[in-house]
Amino acid sequence: MKNIKTAIAIALSIVLVACGEARQHEASVSEANDAKVSADAGSAAFKETLSEDEASTINSNISSSAAVENKKDTVHKFVRTANLKFKVKSVIASTYSIENITAQQAGFVTYTNLASTIDYTTSTAINADSTLETTFFTVVNNIIIRVPNTKLDTTLKLIAKNIDYLDYRIIQAEDVALQLLSNNLTQHRVAKSEQRLTNAIDNRGKKLQETTTAEELLLNKQEQADDAKVANLTLKDKINFSTITLEIYQRQSIKRDVVCNYKNINAYEPSLASKILDAVKYGWNSIVHIILFLIEIWWLLLIAGFGFWAYRKYSSK
């Protein structure tokens, strides 16, 4: 009997321990699942926040280090350009905003082309003689502005306030220091050659043909010097004033108009009842005209009647 009680006690102990371990396992699994769900939710929230931040960063800051002038760099000379395409709430409002920003930054607008591009048109018949014409169009504007090189970064950040969706942004800084040096060397070299030709013409140009050939050569040298000078002036202008090319557009708009249905010409034809009524009116008007005409020639009828009476009277005798 004692052995049986001992076995029962051991069995109960094993069952209790097993139940406790099962409950602990379930609790740990539940905690792990909750932690996983929380982690997934946090990860999703983080991704969503990150996406919003990235979109906000892209739309609010379109500038770059390539647009910033380094005043300590005296060796390189950069021609900076920027090309942007983005969607705005209103093209007209953003155009005025960009033009005002350009003026505030001591720049100027060199090109603007505001236009409405028709995407497609649909026609829907609403009754026998009318059609609803729906036009889908997009308003776009291509703008080219130039601003001082030192104001490019600020101008781009101010323009970014108009962006609703950015398609692309390209900023380029081209180093033209070597081109400037090459043009300067060309000018110096041509100036020396020009001076030697001038001296040769003054001292030894006795024959007309030799003088003419030397003059033409001197003219070519002067033209080369002028070209190098103009090229340098053009580069310096591009260095001092950066060029920004913008293509802005807005959400597709629609315009509806009710127009005549020219295709269904039978819809304008009157009905049979209207035709019969018009015929009756026309016949009555004809009768009235005949009566009025007879009344107007009463004197002629009177003469004709008297003549007929006289003819009958004298013809019988």
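Is Leu292 buried, partly exposed or exposed? In this predicted model, local features need pLDDT of at least 70 and side-chain atom pairs count only at pLDDT 80 or more, while totals for chains, interfaces and linings use all residues. Residues are numbered from 1 along each chain as its sequence is written, and side-chain values use heavy atoms, with hydrogens and water left out.

Leu292 is partly exposed, with a relative accessible area of 43%; buried means under 20%, exposed over 50%, and partly exposed in between (1.4 Å probe, protein chains only). Leu292 belongs to helix 6 (residues 272-296), where helices (H or I, at least four residues) and strands (E, at least two) are DSSP runs numbered from the N terminus.

Contacts of Phe86 (heavy atoms within 4.5 Å), leaving aside neighbours within four places in sequence, include Ile98, Ile159, Tyr165 and Leu246.

Strand 5 (residues 241-249) also carries Ser242, which is buried, with a relative accessible area of 0%. Not counting residues up to four places away in sequence, Ser242 touches Arg80, Ile145, Arg146, Val147, Pro148, Asn149 and Leu152.
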